[in-house]
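Trainee: Could you walk me through this one with some questions and answers?
Mentor: Happy to, let's look at it together.

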Amino acid sequence: MSSSRRKFLKTAITGGIAASLPLSAFKLLSPAEVQASIGDDKVRWAFLIDIQKCVGCGFCVKACKLENEVPYDLPVSRTWVERYVVTKDGKSHIDSPEAGRDGYTSAKVRGDDIPPEEITKAFFVPKLCNQCEKPACVQVCPVGATYQTLDGVVLVDRKWCIGCGYCIMACPYGVRFFHPVYKTAEKCTFCYHRITKGLKSACVQACPFGARQLGNLKDHDDPVTHTIMTQRVGVLKAEYGTKPQAYYIGLDERVR
Amino acid sequence: MKNHAWRPLAVVIGAVALLLLVRANVVPSDFGVNGENFTYGFHRKGSIDDWKAVQIKYKGREYCRECHEEKVTENESSPHKVIECENCHGPAIEHPDNPEKLVVDRSRGLCLRCHAFLPYPQSHRSEMPAIDPDEHNPDQACADCHNPHNPNLEAM
């Protein structure tokens with residue numbers, strides 16, 4: 001009696017497991033499915049930044065934070081504006097108070113007065129995610145929570161991210177951070193919700209001087225693409241081999 | 001050849017089946033290579049829709065025209081036409097339903113973002129009409145004298 005009960009239980013459990021195993025659990029990834037389309041592969045987003053045009057008003061940072069629900073008063077931001085003041089003694093004085101959110105309203109850099117006659121060059125550099133063609137941050141994710149879309153934007157899956165922080169360490173540009181509310185990795189999305197609806201990203205729209213522009217590299221009539229192809233543009237940290245897709249006009253060797 | 005071989009094997013098969021079962025239930029069905037390749041495109045496809053569903057908050061100048069026509073036309077013919085209304089007034093979101101009113105910021109800091117003099121020759125900043133905030137009517141709001149929507153010096 002007792003042995004037949006055990007047998008019954010055994011069969012019931014094995015049968016139960018076997019029956020509830022869907023066939024799809026055994027499915028392997030087929031390369032044919034790879035092309036299953038998302039996004040639009042006629043689009044490859046790229047960013048163009050004209051350093052000379054930036055006046056350091058910081059409206060881009062303000063717009064980004066409010067558009068993308070990045071906590072306004074915490075020291076985190078998807079984009080920021082750096083100030084470089086180079087003096088005759090060869091020193092670079094660099095700052096980015098509050099990520100440049102409230103603009104640059106004083107000539108003091110980190111509390112230091114720099115006499116105008118000492119300045120050899122000074123300018124503002126907007127920074128954001130470079131949406132690399134070979135994103136190091138994506139490669140290191142242990143759970144597949146960050147990825148590159150077909151139109152070239154690197155996104156984070158907030159529902160899947162475990163918040164381990166590997167990607168934050170892996171990004172050579174320091175554009176990723178830990179979202180204090182969602183407790184996941186956070187980064188610039190080029191305002192994916194806007195650009196996929198034909199709008200400009202919040203920072204591009206906010207910039208009064210056209211210092212920030214977004215373009216489609218696969219469209220050769222796009223003015224941004226035209227500039228990138230025909231003008232002298234530079235990228236940050238090319239030596240890392242990540243193929244960054246944020247191009248700068250008027251880049252200086254001191255900007256890293 | 002009976003129990004000592006089959007029992008562990010059954011355990012192994014059971015463990016693998018359990019693993020696959022758990023995987024099938026926990027991993028969303030839309031997980032797969034949805035990008036260009038496995039290295040960069042292995043993810044949950046629904047995540048893209050999550051990002052597309054983010055609410056648009058900055059509506060742009062044309063949205064304001066419908067109700068603040070006067071302000072928009074005034075602004076369009078001014079040196080400030082390059083500045084989006086929402087830069088100074090904050091995102092519209094669902095204004096005028098929510099929020100009913102947008103921020104009216106009369107602080108000097110708002111204008112000084114662009115107009116505080118900074119001696120930076122390699123930047124467009126040095127070409128802006130500039131003032132020294134400590135010298136130029138320091139205790140008054142800029143909007144007391146200048147019209148923020150059309151700061152025409154001749155019209156003053």
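**Lysine, patches and a strand**

Trainee: Is A:Lys10 buried or exposed?
Mentor: Keep in mind that this is a predicted model. The relative accessibility of A:Lys10 is 55%, and the cut-off for exposed is over 50%. A:Lys10 therefore counts as exposed.

Trainee: Which residues gather with A:Lys10 in a patch of positive charge?
Mentor: The patch lies on the surface and draws on chains A and B. Besides A:Lys10, its members are A:Arg6, A:Lys7 and B:Arg7.

Trainee: Which helix gives the largest share of the positive patch?
Mentor: A:Lys10 itself sits in helix α1 of chain A. That helix, residues 2-20, supplies 3 residues of the patch.

Trainee: Let's turn to strand β2 of chain A: how many of its residues are buried?
Mentor: The strand covers residues 80-87. A:Trp80, A:Glu82, A:Tyr84 and A:Val86 point one way, while A:Val81, A:Arg83, A:Val85 and A:Thr87 point the other way, and all are buried. The count is 8 of 8.

Trainee: How many bridges pair β2(A) with strand β4 of chain A?
Mentor: β4 spans residues 119-127, and the two strands pair in the antiparallel sense. One facing pair is A:Val81 opposite A:Pro126. The number of bridges is 8.

Trainee: Which residue stands opposite A:Arg83 in β3(A)?
Mentor: Strand β3, residues 92-95, runs antiparallel to β2(A), with 4 bridges joining them. Within this pairing, the residue opposite A:Arg83 is A:Asp95.

Trainee: Which residue in the hairpin of β2(A) and β3(A) takes a positive phi?
Mentor: There are 4 residues between the strands of this hairpin. The phi in question is near 85°, and the residue is A:Gly90.

Trainee: Finally, is B:Ala116 buried or exposed?
Mentor: B:Ala116 is in the loop between α6 (108-115) and α7 (142-145) of chain B. Its C-alpha atom is separated by 9.1 Å from that of B:Met128, 12 residues apart along the chain. With 1% relative accessibility, B:Ala116 counts as buried.

Key: Residues numbered from 1 in each chain as written. Chains lettered and ligands numbered in written order. Predicted model: local features only at pLDDT ≥ 70, side-chain atom pairs only at ≥ 80, totals over all residues. Heavy atoms only, no water. Patch = residues over 30% accessible without salt bridge, like charges linked within 9 Å, V, L, I, M, F, W, Y side chains within 5 Å. Areas by Shrake-Rupley, 256 points an atom, 1.4 Å probe, with all protein chains shown as cover. Salt bridge = Lys/Arg side-chain N within 4 Å of Asp/Glu carboxyl O. Lys, Arg positive; Asp, Glu negative; His and termini not counted. Charge placed at Lys NZ, Arg CZ, Asp CG, Glu CD. Buried < 20%, exposed > 50% of the residue type's maximum accessible area, 1.4 Å probe, protein only. Pairing = 2+ DSSP bridges.
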